Amino acid sequence: MQKEYSGKPVFGGIAIGKVTIYHKKESVVKREKVDDVEAEVKRYHDASEKAKEQLAQLHDKALKEVGEANAAVFEVHQMMLDDLDYQESVENIIRTQNVNAEFAVATTGDNFSEMFANMDDDYMRGRAADVKDISNRVVGILSGAGATGFTATEPSILLADDLAPSETVQLDKSLVLSFVTRHGSTNSHTAILARTMNIPALIGVDFSEDDMEGHMGIVDGYTGRFIVDPDDAVLAEYKEKKEEEEEKQRLLQELKGKPNVTKDGTEINVYANIGSVKDVADVLKNDAGGIGLFRSEFLYLGCDDYPSEEDQFRAYKTVAENMAGKRVIIRTLDIGADKQVDYFHLDHEDNPAMGFRAIRICLKRPEIFKTQLRAIYRASYYGNISIMFPMIISVDEVKKIKEIIAEVKKELDDQKIPYKDCELGIMVETPAAVWMAEELAKEVDFFSIGTNDLTQYTLACDRQNPNLEDFADPHNPAVLREIEYTIKSGHKGGAWVGICGELGADTTLTETFLRMGVDELSVSPSRVLAVRNAIRNTDLSK
Ligand code: PEP
Ligand code: MG
C-alpha cells in the first residue's frame, strides 16, 4: 500500500529507488549470565576475526576513495583488535564474571577508552574514540545487529534521523540517490552535501521506519513529497518527470565553455565550493572557473587525529594541480559549532554557534594553524592558491593572522622550501565584519560573503535549529542590505568581493547581486551552469 510523507525540500530533483535506513552506531548491551564460558570466549574470538575482515575491506575501499592517509585508520583498528591486553581483558571478564561476550567487549571498550582519554599524550587520547569504535563493531557482530551505518549495496534513498558531518564523510556517495532526514535544517551540512552531490533531499520528514527498509521509494525534491511503495500510476508519473529533468540537465550542459557574461557585457566569475579532493571532479565536470571555497575542515573531520602537514600538503597540492592554474581558495579550518571533532577536546559549550570556533581556535592554538598554513603555502607552489579566513570579527584578528603568516613564510625561507605569495581574503559572515568592511578590505585582497552564517548571526537564528526555518530567511532585507554594504565597502577599501554561502546559487537573486556589483559567485558544483544561465539571461542596461 502506498504511504506518503511530506518534508521540506533542501534540493530539487527526483529520486526513485530502494529505501535504506541509516542506523546510528549505538547499541544497548545487556549483562547476561552464561554457563559455558569457553564457548563465550570462542564467540568473542570469532566475532573479532569477522571484525578484522570487515576492517580489511573498509581499508581497501577507503584506499581507493580517500587515499592512503585517510585509509590508515582502518589498519590501526585491525591492530587494536589484536592487542593482547585488550583480548585478555575481554577473556577475564567473561571467565571471572560468567557473563556474555557482548558485555565483556563493551566493558573493555569503555575501560580502555577511559584510560586513553585520561592520558596526557595527544596521540593516545585520540585513540579513545578508536577503541570505542572497534568495540562497537565487535558488539554489533556478536549481537547480530550488523546493520550499523549505511548498509546499502545498490544506489538507494538514505533515511536517517540526521547525519553528523563526520558521518557524511564516511558514506559511500555512489550509493546515495537522495537524503531524507527527520531533523536537520536547510543549511545543515547534510543539505549542503546534497547540493554538492546534485541529489534531491528532504528534511523534517516524520517517517516511521516500519516495513520500509528495501522498499521502493520516490523523493520529490520540488514539492517535498516522500512516497513509499508507490502505486503503478504514481511510479509511472515520476519516471516521466525524471526523464524530463534529465533532458533539462542535458540542455544546461550545453552552457559549458560559455562565458559568465550578462546581455550587456558584464562578466563575473562563477566558482564552485568543495569539501574534499574528490569533489574536484565535479568542479571540472560542471566547468567552474575556479574553487571559491574549499572547506578544509572536512580533511579534519575525516580522521581520528590531527591530519599531518604532509597529508594536508598532498590534498591541497592535488587540488591545485587538478585545477591547472585556476584560482583555488582554501578556507582555513572552520571547526567548532556544528562541526565537532573529538580529538580537538573542545570544552562543552551551551551555545557552540557563538562559541570557540574557526579562526578563534586557530588564533588560540597557533600550532594547529601553523601546520595548516605551512601545508597551504607549500602547496601554493604548484598552482594558484588563495587563502581565506573564517569568522572574522575585527581588523586586529587579520593583523594577528598576518603576523603568523610572516612567521610561517620565514620558516619556509630558512628551509629553502619554495612557495608563492598567496592572495589573502576573509569570509564576511558576521555582522561585525560587514560593518568593518572598508577597514578590513584595506588589509586583504578579497572578501567572500558567507550568507549561511551571516543569516544566522544577523537574524539571531541558529542555522541548525529546524524550528527556525520560517524565521531564518536569507532574503530578509537586513541580510540583503548587509550584502550590498559589504560589496560597496569592500570595493572602496580595494578588495574584490564574492559570495560563497548558499544564497549565491539562488538564481532569483542573481540579477540583484550583479546590480550590487558582486565580482564572484561560488556555488555547489551542480549549480554552476544554472547560475551561468541566469547571468547570461540578465540585462543590466534595462
Ligand atoms: C557560510 O557561512 O555561508 C559558509 C559558506 O560557510 P559554512 O557554511 O561552511 O559555515
Ligand atoms: Mg560559515
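Is D287 buried, exposed or partly exposed? With a relative accessible area of 21%, D287 is partly exposed, where buried denotes under 20% relative accessible area, exposed over 50% and partly exposed in between (1.4 Å probe, protein chains only). The model is predicted, so that local features need pLDDT of at least 70 and side-chain atom pairs count only at pLDDT 80 or more, while totals for chains, interfaces and linings use all residues. Residues are numbered from 1 along each chain as its sequence is written, chains are lettered from A and ligands numbered from 1 in the order in which they are written, and side-chain values use heavy atoms, with hydrogens and water left out.

D287 has a positive phi of about 65° although it is not a glycine, and is located in the loop between α8 (280-285) and β10; helices (H or I, at least four residues) and strands (E, at least two) are DSSP runs, numbered from the N terminus. A460, likewise not a glycine, has a positive phi of about 55°. This residue belongs to the loop between α16 and α17 (477-493), and A460 counts as exposed at 70% relative accessibility.

Helix α19 (residues 528-536) is largely enclosed by the rest of the structure, because 7 of its 9 residues are buried. These are V528, L529, A530, V531, R532, A534 and I535. The buried residues pack against α7 (232-253), β9 (269-274), α18 (510-516) and β16 (520-523), contact being defined as heavy atoms within 4.5 Å.

Helices α10 (residues 309-322) and α12 (residues 366-380) pack at an angle of about 35°, their axes lying 8 Å apart. Axes are lines fitted to C-alpha atoms, for helices over the stretch in contact, and angles run from 0 to 180 degrees between N-to-C directions. On the α10 side the contact involves E309, E310, Q312, F313, Y316, K317 and A320, which meet T371, Q372, R374, A375, I376, R378 and A379 of α12. The contact residues comprise 6 nonpolar, 3 polar and 5 charged, with Ala, Val, Leu, Ile, Met, Phe, Trp, Tyr, Cys and Pro counted as nonpolar, Asp, Glu, Lys and Arg as charged, and the others, Gly among them, as polar.

Elsewhere, A72 is placed in helix α1 (residues 37-81) and is partly exposed, with a relative accessible area of 29%. A72 and V319 are separated by 247 residues in sequence and by 21 Å in space, C-alpha to C-alpha.
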